[in-house]
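Please read them with the structure open.

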Amino acid sequence: MAFKRTLLIAGLLCSLAFGANLSTVKNVYLLPMPGGMDHYLAVQLTKAGFVQVVTDPSHADAVITDHIGASLEDSMNELFLPKKEKDPKDKDSEPAHARMQPLSRGKGSIFVVDRGSRVVLWSTFAPTPSGGSAQVNKLAIKVTAEMQKAWAGTPAK
């Protein structure tokens with residue numbers, strides 16, 4: 001519980017520092033998650049109606065994902081940065097960047113990440129159950145309710 005509270009406080013402080021907050025998020029794009037959780041969340045978020053789920057990432061204000069770190073940065077760059085055409089003569093023009101890769105994914109974490117600032121605006125811990133679609137849907141309902149409560153409690157700018 002203390003870790004969850006610390007993560008939430010850190011996210012809120014970062015969002016204040018960068019000017020991003022949940023009240024600015026109207027459209028979300030979901031990255032793939034284990035057990036089809038992204039699909040179940042899309043259904044529940046659409047039903048709740050406090051945000052729109054978009055299938056084109058260029059229309060998203062934020063991304064909902066189950067991971068952060070280097071792999072999220074790669075996904076965000078692929079989704080949102082313009083594609084550069086590579087010069088065939090210049091094979092090794094991009095320097096290699098050493099990055100620490102996580103040993104494993106944080107199974108059960110869900111993050112709302114602002115598209116522009118890449119600040120974590122909201123997060124929760126909700127491990128995907130292994131008991132089938134009914135249990136995953138039940139979890140998606142719970143996570144959506146938590147998100148909606150967070151959105152409702154965020155002052156508009």
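1. A cut-off first: a residue counts as buried when its relative accessible area is under 20%. Aspartate 66 has a relative accessible area of 9%, so this residue is buried. Aspartate 66 sits in the loop between β3 and α3. Its side chain makes a polar contact of 2.9 Å with the side chain of histidine 67.

2. Confidence comes next, since this is a predicted model. The average pLDDT of the protein is 81. Of the residues, 71% score at least 70. Two stretches need care. Residues 11–18 stay under 50 in pLDDT, and the model gives them 9 contacts beyond four places in sequence. Residues 95–104 are also below 50, with 4 contacts in the model beyond near neighbours in sequence. Where pLDDT is low, the predicted coordinates should not be read in detail.

3. Now the overall layout. The protein has 4 helices and 5 strands. From the N terminus on, the order is α-β-α-β-β-α-β-β-α. The protein has 157 residues, and 36% of them are buried. Take the contacts with a separation of 6 or more: residues 24 or more positions apart account for 72% of them.

4. Which residues touch the most other members of the largest nonpolar core? They are Met37, Leu41, Ile64, Ile110, Val143 and Met147, in a core of 27 residues. The elements that give this core two or more residues are β1 (27–30), α2 (37–48), β3 (62–65), β4 (109–114), β5 (120–125) and α4 (133–152). The largest share, 7 residues, comes from α4. There is also a second, separate core of 10 residues, with Leu31, Val63, Leu72 and Met76 among them.

5. Leaving aside residues up to four places away in sequence, isoleucine 110 touches Met37, Leu41, Ile64, Thr65, Asp66, Trp122, Ser123, Thr124, Ala126, Val143 and Met147.

6. The hairpin is formed by β4 and β5, with 5 residues between the two strands. Arginine 118, in the turn, has a positive phi of about 60°. The strands pair in the antiparallel sense over 5 bridges. Phenylalanine 111 stands opposite serine 123 in β5.

7. Is threonine 124 buried or exposed? Its relative accessible area is 4%, so threonine 124 is buried. Threonine 124 belongs to strand β5. Its side chain makes a polar contact of 2.7 Å with the side chain of glutamate 146.

8. Helix α3 covers residues 70–80, and its buried residues are Ala70, Leu72, Met76 and Phe80. Why do they line one face of the helix? Seen down the axis of α3, the buried residues fall within an arc of 155°, so they line one face. An α-helix has 3.6 residues a turn, so residues three or four places apart point the same way. The buried residues of α3 are covered by elements including β3 and β4. Two of the buried residues, Leu72 and Met76, are also in the second core.

Notes. Residues are numbered from 1 along each chain as its sequence is written. This is a predicted model: local features need pLDDT of at least 70, side-chain atom pairs count only at pLDDT 80 or more; totals for chains, interfaces and linings use all residues. Side-chain values use heavy atoms; hydrogens and water are left out. A nonpolar core is a set of buried Ala, Val, Leu, Ile, Met, Phe, Trp, Tyr and Cys residues joined through side-chain atoms within 4.5 Å. Buried means under 20% relative accessible area, exposed over 50%, partly exposed in between (1.4 Å probe, protein chains only). Contact means heavy atoms within 4.5 Å. A polar contact is a pair of N or O atoms within 3.5 Å; within protein, one must be able to donate a hydrogen and the other to accept it, and residues adjacent in sequence count only if both atoms are side-chain atoms. The arc is that of the directions from the helix axis to the C-beta atoms. pLDDT is the predictor's confidence in each residue, from 0 to 100. Two strands pair if DSSP finds at least two bridges between them.
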